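Welcome! Take a moment to turn the model around on your screen before reading on.

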Amino acid sequence: MKLFDIVIVGGGGAGLYAAMEAMKANPALNIAVLSKIYPNRSHTSAAQGGANAALANSAKDDTVEMHIFDTIKGSDYLADQDAVEVLCSEAPKIIRELENMGTPWSRLDDKTIAQRPFGGAGRPRCCYCADKTGHTILQTLYEQCLRKGVQFFNEYFALDLSLDGSRSKGIIAMNIKTGKVEAFPARTVIFATGGYAKMYWNRSSNAAGNTGDGQAIAYRAGIPLKDMEFVQFHPTGLRKSGLLVTEGARGEGGYLVNALGERFMSRYAPEKMELGPRDLVSRSLETEILEGRGFDSPAGKYLHLDLRHLGADLIKSRLPQIREMCMYFEGVDPIDEPIPVRPTAHYSMGGIDTDNFGRTVMEGVYAAGECGCVSVHGANRLGGNSLLDILVFGRIAGRAAAEEAGGFNPSPILDNEVADKDQEIRSFMRSKGHYERYGTLREELGQTLGMNVGIYRESSKIHRGIEEIAALKERFSHVRVFDTGDVYNTNLVQVLELRNMLDLAETVAAGALVREESRGSHTRTDYPTRDDINWHRHTTYTLMNGKPVLGFKPVSMGRYELQERTY
Amino acid sequence: MTDSSKQHIEEKRDVTFRVHRFNPQVDSKPYFDDYTIKLEKGITVLRALNYIKEHVDASLTFRAFCQAGICGSCAMRINNMSKLACTTQVWDELERTREPNVIRVEPLRNLPLIKDLVVEMDPLVGKMQQFSNWVDSKMPEEQWGRKEFLVSEEEFRKYDKATDCILCASCVSECTILRANRDYVSPAVLLKSYRMNVDSRDASHEQRLAGLVGDHGVWDCTHCYRCQETCVKHIPIMDAIHGIREDAIERRGVKDTSGARHAEAFMTDIGKKGKLVEATLPIRTNGVAWTLKNLLPMAFKMVIKRRTPPPPLLVKSTSGIEQFRAEFREMSGHVAKDHEKKSGE
Amino acid sequence: MKRYAYYQSCINESMTREVDRSIQLWQHDLGIEMVNLHESTCCGGSNLDYVSPKHFALVNARNIAAAEKLGMDLVVSCNTCLMTIRSAKKKLDESPELKAEVNDLLRKEGLEYRGTSEVRHLLWVLIDDVGLDAIRAKVKTPLSRLRIAPFYGCHILRPSTVLGRDNPLEPTSLDLLLEALGGRTIPYDHKNRCCGFHTLLVAEEESLNVAAEALKEAMDEKADCIVTPCPLCHTVLDGYQSKALKKNGLRGSIPVFHLSEVVGLALGYSDRQLGIRRHIVTA
């Protein structure tokens, strides 16, 4: 294949924005977007709430400064303050830009973009389009990329970077529709593959494909990952699918009830009850389950979110989507039955370590969005900042790559590299020594992560988790791809995704073990407080000799001094 | 409160999934495999398929991604109806099976088959490109990001529902005309085109409309409403198709295409006689040459069976026609006034 | 004797005159009477709505108002007229302004649209008012030898927001009636699909493909005949049958009956009386 100036891996919000911005910066560039799905299917579409930007449409006194402070505080002071400044000061501009290109937004009476209040924000700053903001942003970006004639390679699964010493020559990927392994020689590569929270499998609200492919590829190429231990949990995921029952259900007066019939939140937040902060409610549910007051089912232990006392009329008029979701995905009508819930992993703060331009330590390789870690979310992401992150840093990475693309001519990707890769993935199809089923391994990975590296973490449990992950990796070497065909082999794709998750799970567990404090989403029962003296710093993990090697990076500070995080 | 502490005890049943299989590398034609598994209530068809793939037959191939009804990947035909596997409860499907406890699962129609339940989506993307399914902003790119277009909530509502579309292609699969001709624009693309056309920020309205009234375009829709009834997001797709047709007549005139001429004939006939003059409808829609070529061969039989519609002079006006005509004309006055008001704004 | 205002569809006054003729034959046997609304006009289909939504509302408000004047429900035996008039009714009922504007004009001929008369298909009247048991009791020559492919047509089912009598994708009403007449109905894919009528003049090839596919499936399923409650479907499936089949390289033929004709047959009337000999495909 012809040399590309930029190959973008991933077609969600970050990848598409990068592609669009790069084409805008230099229309002569040869740009490709590789995506393992059709880009309009990306997980960006699942973000319902909206994107924060201090447009000051709803609250005239809102400022970028306030947005910066809210974000830093929300991050439990682990975010880099210069990066947060970029995020928040670019926010109004990028939301307006999205508007200008045709994104639908809900509107205020004065015809400007509507904004609503969101958790952890001092002003109503979250720009939204009904309850489908991520979906409409993704559709618009995809449409605009089609308008600009971006070259899409849909249903291509990225396998690995092709390296020339310490420099990338491009990417090797499998065409899922044909099974053919192909080389994409490229001057620059941008990873925008989304998060890795699906490693918690059915204890995750994420799409099946949020398996951290970009992070795993970068990691295998020696690029460091950062802050991997920070995974955000949402208190009320559906028991079977992990899908979120949004806070609205509790906002309207839903009860959380344990197997003894108690409204257990009275133990943890007697004033606010079910409406306590998200992390506190998550921890409360987890405690109930751990102390044996949960319900049992083949899909695991769970609790009840009971809406029945609200009555059919209120449920139908105010919570129609939640009701529909429970009926569709759980087969439960909340008018007649309580909803089975448990905490669910839904966002990964960590990712590929980048600077404020999306650059990694490897020249020519970039990362953006949930895939990267700048870091703007630190130890805990604020609602409404995830969409913003992918937009702002997708665009920045696209521009940076476009500017750099001219400066380097990589040597070609050799045929034997491609052939070796082909051999490597096909080896799973051999029957000799291969007998493990990927579904079992995947389920067990989610289970051990949920139990041992979940909401509550503690030294001995994390050790157990690390051992179990190692054992799963060993078993993975015997995994069998039963489908031996070339065309659309999802058996193979899912095995490769599992490999990526296993690689990353190691770094999550390693980070959880080493960080001996509680900060943001990371809660250590054996170190229950934040420890700024020893742990006000980022962790990094670099693959050396098959093991993650730990490193540290200072947090960029600025105007805001460390404070206790209270609301 | 008391019974919320009760455990879920779920009924289990043996369910057979009769799944369409086809691997182009080995199969000369598609066939069906039966998978019988024990399932509890509350399981979706997608979870059942996942279970089969993980535990019974890893080669079973289908698309799935978000598993939450928003990405549109897992549209397939379940018991003969196109829908998302992830939002479909097995228990609900068991109530509508032709054979007890057997759920048929097949790929979408009207798109090329790749394998098992996976079809090629590129033709749909190609049509989105062909019909400029994007907002072509009135604002030059260099100026983006400085200030918002002002859009009322009322205008937003014009395209709000249309932007719910997740391109799952269920409507494509159920479309009558696509089944007859795959070049047809497709319901989803008409919906998206409409959404762009009613957006005041868009500058390509006229061009897009010109494409839409062309061959295999908006006038080929046969009004069967299957798209709308199938839509997993309950979008009134036919309203969008109607909207494009109305818009086409308003902006391009009633003489523009055979579809528009056909529509105009109704207006004319009703205004004159209150009744449709069917005998000359083909000529007025498509001209004399077309009519002779296409309908003359059938005319003979029709005459013999006395099935020919009466010639225009013999079409009896509806009774009370004078008064009706007066009302009809007066309404034309109202409409003209509406137009004046609209263009004055 | 329950009386109804009967809407005279254009096509039933020209090409498919056998429909109204057969209804008149048997209506009293079933204790109903259709009162022809001579002052009704063409409903305009969706076509009139494209050209002028207001004329569309006027014309159909007038059609319904004429029935209201008689204090009767409006009964329709063409699917598309049914859907069209019902959708106009929906618009009128949802918009007081439109209703007022239209009534201003109608008042001049002493009519007023109030929204009190229902707009119903003949099939619905037979099932819901006459009743399946009553019909069963009147059957003289059951259709028991026939394997019938029921062909609902679209506009008696969809859009469900306007029609709402049957499940729009899995209807049962016609099957139930045919079974009450002693017939055996077959399950087949096309029973709720489209005949292609509405694109006959703008995309003939597509229309004929659509029709051919429906005919082929009915023949493949070894149906003896097709029965439809819609004269437009009948026109395509009967009138264009040989053209559609030939164009798609198919052989054979299958008779297509109007709903009103099979009711007549079961009640003991002859094919000559019912006008069945007017069909293009010999039954």
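## Where chains C and B meet

Chain C and chain B touch through a contact that takes 50 residues from chain C and 58 residues from chain B. Keep in mind as you look that this is a predicted model.

Which elements give two or more residues to the side of chain C that touches chain B? They are α3 (45–51), α4 (53–70), α6 (96–106) and α10 (204–220) of chain C. The largest share of that side, six residues, comes from α3(C). Sorted by class, the side of chain C that touches chain B has 21 nonpolar residues, along with 16 polar and 13 charged ones.

## A closer look at chain B

Let's turn to chain B by itself. The domain assignment divides chain B as follows:

| Domain of chain B | Residues |
|---|---|
| domain 1 | 12–119 |
| domain 2 | 122–252 |
| domain 3 | 266–333 |

Taken over C-alpha atoms, the centres of domain 1 of chain B and domain 3 of chain B are separated by 50 Å.

In secondary structure, chain B comes to 13 helices and seven strands. Chain B is more spread out than a compact globule, because its radius of gyration is 26 Å, well over the 20 Å that the globule rule gives for 345 residues. Along its principal axes, the C-alpha trace of chain B spans about 75 × 70 × 55 Å.

How many of the 345 residues of chain B count as buried? The share is 48%. Among the contacts in chain B with a separation of 6 or more, 65% are between residues 24 or more positions apart.

Terms used
Residues numbered from 1 in each chain as written. Chains lettered and ligands numbered in written order. Predicted model: local features only at pLDDT ≥ 70, side-chain atom pairs only at ≥ 80, totals over all residues. Contact = placed C-beta atoms within 7 Å. Helix = DSSP H or I, 4+ residues; strand = E, 2+ residues; numbered from the N terminus. Nonpolar A, V, L, I, M, F, W, Y, C, P; charged D, E, K, R; others polar. Domains from an automatic or database assignment. Rg over C-alpha atoms; globule rule 2.2 N^0.38 Å. Buried ≥ 20, exposed ≤ 12 C-beta atoms within 10 Å, placed from the backbone.
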